[in-house]
Amino acid sequence: HSAPPPLALPRRSGARLDPFIVAQAVECCEALGSFELASDWVRASGRSAVELFCEVDAGRDSATPSAPSAVLEPCEAGTATVHLYGVRHSECDRGLAHAIVHASPAIVALEGGAEDALPGTMLDRAKAGSPMRLGLLAQQLATTRADHPTPSDWLDSRDWRAVLRSAASSESLAIVAAWAVGARIVAIDRPLHVTWARCAAGHNLRELDSLYSQKVRTGRPHSRYVLDERDAIMCTSLCTLALHSGVRARAGSGNSAAVFAIVGAAHVEPITELWRELCAPAARERLALAASAAMHEPTMPSDRSAPDALIELGARYGLLDAIYAPSARPSRHLPPLSGAAAEAHRCTLERYSSADMQLAMLSREELLAHVLRDLGARVGNHPEPLPAFARMHAPGEKDGSDIEARAHALTEAVWESLEPMRQARPGQFAPRL
């Protein structure tokens, strides 16, 4: 793409484009899929990518290397050690990047599927369709990296400190650090759309309703497709990477043989338990077979399927979206719906996103416990009350007997009012849409 006239004007006049305008232009370039045009906008701004997209100051970084959540010892002679880090995807562990730089591992493995497979550099990844800001930063850092003799020296630079402070996630920083030390970046999970397709095809409505109930009660729905299968896949991938890393280290690749793996915190314990079983060759073969079978993408109902099957599929989509909201929207990775199926999706999601349906998941005893806790009574170690209860009672005396009597009366009233929602639960709501 040739640069439009407005981009040439600042270079001739010495004027600077407003950073907000440049940021908006880069987003448009990303939509167009033109990394070169985005680079032109950055150059025309008279600022560096770090100045445009990061918080730059002269302060030093105080982060220290983070310790791994678990260390997976070699499962056989000649394989590498795996340093397993469990992270919260919504948070940013800056110490993780320092740990990667200090250890200089051969491989950095990230929880991600084939559609998120990462080439060796962030710049290549950005050109392949990732956020262009990341690629523009990488383009600048690639230049400044050559001015520093060691990764540690480079990570003490102003540009790195700006990227470190402005990073949004542990994974993005891990990518930068891996690129800095020349580590290979590998995605170890299956494609995301396969996971959600197996959920939609494998779980019936009753099972999905049960998962939603788990979410309401514990905040941790446990689907065998989302957790167990992916644990096996990632553990098998790490075993293969550990073997290859050990071979490369013996061949003198320059980096240490260690493999650094960054996964969601919920996967650390299951992967660690599976790893212990890998010492037995037979167990390793069984795990590999299970992981291979879990890569299969099921066939979803098509427009030619029976109307009831399509309506049920829409209801499954809606339940999946409700279960994993707000962190994920599974339906976005699944085949689109139309007609009655799309309406079933919308109605089910709306129903299961309501406070009434959350309350309908509770037993009478759990409902009473929440009411008592919300009214100020001491009822032991019960979970926090649902927010809806704050609007369901008026202030009254704090006498224990009065609170208990009011709580029982309120519980019965709410229990009866929620009967229609309970009747709309597993397998009954789809035909009524």
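Student: Quick one to start: is Arg 230 buried or exposed?

Tutor: Arg 230 is buried, at a relative accessible area of 8%. Keep in mind that we are looking at a predicted model.

Student: Which residue does Arg 230 form a salt bridge with?

Tutor: The partner is Asp 189, and the closest N and O atoms of the two are 2.7 Å apart.

Student: And where do Arg 230 and Asp 189 lie?

Tutor: Arg 230 is in helix H13 (residues 224-250), while Asp 189 is in the loop between strand S4 (184-187) and helix H11 (192-202), so this pair ties together parts that are 41 residues apart in sequence.

Student: Nice. Is Asp 189 buried or exposed?

Tutor: Buried: its relative accessible area is 10%.

Student: Which residues are linked with Arg 230 in a network of salt bridges?

Tutor: Glu 111 and Asp 189 are linked with Arg 230 in that network.

Student: Zooming out, how many salt bridges does the count come to?

Tutor: The count comes to 14 salt bridges.

Student: OK, switching to helix H3. Which residue there forms a salt bridge with Arg 43?

Tutor: Asp 40 does, with the closest N and O atoms 2.1 Å apart. Both residues belong to helix H3 (residues 35-45) and sit three residues apart, about one turn of the helix.

Student: Why does Arg 43 count as exposed?

Tutor: Arg 43 counts as exposed because its relative accessibility is 51%, and the cut-off for exposed is over 50%.

Student: And Asp 40, buried or exposed?

Tutor: Asp 40 is buried, with a relative accessible area of 11%.

Student: What about Arg 346, what does its side chain meet in a salt bridge?

Tutor: The side chain of Glu 343, at 2.6 Å from N to O.

Student: How do Arg 346 and Glu 343 count for accessibility?

Tutor: Arg 346 counts as partly exposed, at 40% relative accessibility. Glu 343 is partly exposed too, with a relative accessible area of 37%.

Student: Last topic: where is the place of Val 50?

Tutor: Val 50 is in helix H4 (residues 49-53). Val 50 counts as buried, with a relative accessibility of 0%.

Student: How far apart are Val 50 and Arg 161, in sequence and in space?

Tutor: In sequence, Val 50 and Arg 161 are 111 residues apart. In space, they are 10.0 Å apart, C-alpha to C-alpha.

Terms used:
Residues numbered from 1 in each chain as written. Predicted model: local features only at pLDDT ≥ 70, side-chain atom pairs only at ≥ 80, totals over all residues. Heavy atoms only, no water. Salt bridge = Lys/Arg side-chain N within 4 Å of Asp/Glu carboxyl O. Helix = DSSP H or I, 4+ residues; strand = E, 2+ residues; numbered from the N terminus. Buried < 20%, exposed > 50% of the residue type's maximum accessible area, 1.4 Å probe, protein only.
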